[in-house]
Amino acid sequence: MSRAADIFARAGAIVIFLGLVACAGGRRYGDARLIEGTNPSFLPETVGSLTFPEIPIGRVSVVRYHVASLPRVIYPSGFLLEVPKTEDFPRAAEHPWSHCVIHASLLAADGTRFFSREIHLGRDRQGSDAQGSRRKISFAFTDYRMEGTTSLPRHVTYDFEVEVLRASSRPTDKLVVEAYSVLPSTKAPVRP
């Protein structure tokens with residue numbers, strides 16, 4: 001392949017990649033991004049996820065994300081920690097993340113803290129899911145459900161803060177935020 005053809009092929013691949021990223025990128029709402037999924041055949045609505053950057057827990061720190069003007073109330077429901085399969089069982093064993101403690105909060109636009117929870121990763125696990133040689137361990141945060149039900153005040157603009165009070169002894173450990181919602185369908189109704 002000539003040098004010009006090689007450059008053209010690479011440029012084409014980059015354009016396709018950027019187009020796919022833009023399509024999958026969703027819409028920004030402050031520091032969060034709302035990504036609409038597909039409509040499952042059994043639901044007239046679209047399932048979407050509100051995504052945040054991963055939260056490093058390998059050092060003591062505080063991160064705060066601003067969520068602005070969501071189309072509906074969507075709160076993080078929990079966190080996931082991906083670990084090697086050997087660190088999932090037995091539960092009583094010592095793992096790098098076993099003594100990690102975080103304090104997660106939701107704050108109204110005026111700065112008032114309306115929900116907070118301290119999570120001890122070694123004892124507050126909710127469950128886990130296998131991913132090949134890895135496991136994703138889940139930790140509950142709020143009572144928010146995908147359908148939009150929650151006992152919390154209904155804010156579409158808020159701040160989400162996570163403070164790592166006691167770090168994991170593995171510097172690369174990160175939490176993924178879980179925040180899913182059923183969104184109103186953007187499809188036109190099918191007419192008979």
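Colleague: How many salt bridges does a search of the whole structure find?

Modeller: The search finds nine salt bridges. The term stands for a side-chain nitrogen of Lys or Arg within 4 Å of a carboxyl oxygen of Asp or Glu. The general idea is that side chains of opposite charge can pair when their charged atoms come close. This is a predicted model, in which local features need pLDDT of at least 70 and side-chain atom pairs count only at pLDDT 80 or more, while totals for chains, interfaces and linings use all residues. Residues are numbered from 1 along each chain as its sequence is written, and side-chain values use heavy atoms, with hydrogens and water left out.

Colleague: Which residue forms a salt bridge with Arg 64?

Modeller: Glu 161 does, with 2.7 Å between the closest N and O atoms. Arg 64 belongs to strand β5 (residues 61-67) and Glu 161 to strand β11 (residues 158-166), so the pair ties together parts 97 residues apart in sequence. Strands here are DSSP runs of E with at least two residues, helices are runs of H or I with at least four, and both are numbered from the N terminus.

Colleague: Is Glu 161 buried or exposed?

Modeller: Buried means under 20% relative accessible area, exposed over 50%, and partly exposed in between, using a 1.4 Å probe and protein chains only. Glu 161 has 10% relative accessibility and therefore counts as buried. Arg 64, at 43%, counts as partly exposed.

Colleague: Which residues are linked with Arg 64 and Glu 161 in a network of salt bridges?

Modeller: Arg 113 and Asp 159 are linked with them in that network.

Colleague: Where else do side chains meet in a salt bridge?

Modeller: Glu 82 and Arg 134 do, at 3.0 Å from N to O. This pair links distant parts of the chain, with Glu 82 in strand β6 (residues 78-84) and Arg 134 in strand β10 (residues 134-140), 52 residues apart. Glu 82 is partly exposed at 37%, and Arg 134 is partly exposed at 29%. Another salt bridge joins the side chains of Arg 123 and Asp 124, at 3.2 Å from N to O. There, Arg 123 is exposed at 59%, whereas Asp 124 counts as buried at 18%.

Colleague: What does the side chain of Ser 105 join in a polar contact?

Modeller: A polar contact is a pair of N or O atoms within 3.5 Å; within protein, one must be able to donate a hydrogen and the other to accept it, and residues adjacent in sequence count only if both atoms are side-chain atoms. The side chain of Ser 105 has such a contact of 2.7 Å with that of Arg 113. Ser 105 is found in strand β7 (residues 101-108) and is buried, with a relative accessible area of 0%. Leaving aside residues up to four places away in sequence, Ser 105 touches several residues, including Phe 115, Phe 141 and Phe 160; contact means heavy atoms within 4.5 Å.

Colleague: Why is β7 largely enclosed by the rest of the structure?

Modeller: Seven of its eight residues are buried, so β7 is largely enclosed.

Colleague: Which strands pair with β7?

Modeller: Two strands pair if DSSP finds at least two bridges between them. β7 and strand β8 (residues 113-120) pair in the antiparallel sense over seven bridges, with Ser 105 opposite Ser 116 in β8. β7 and β11 also run antiparallel, joined by eight bridges, and Leu 107 has Asp 159 of β11 as its bridge partner.
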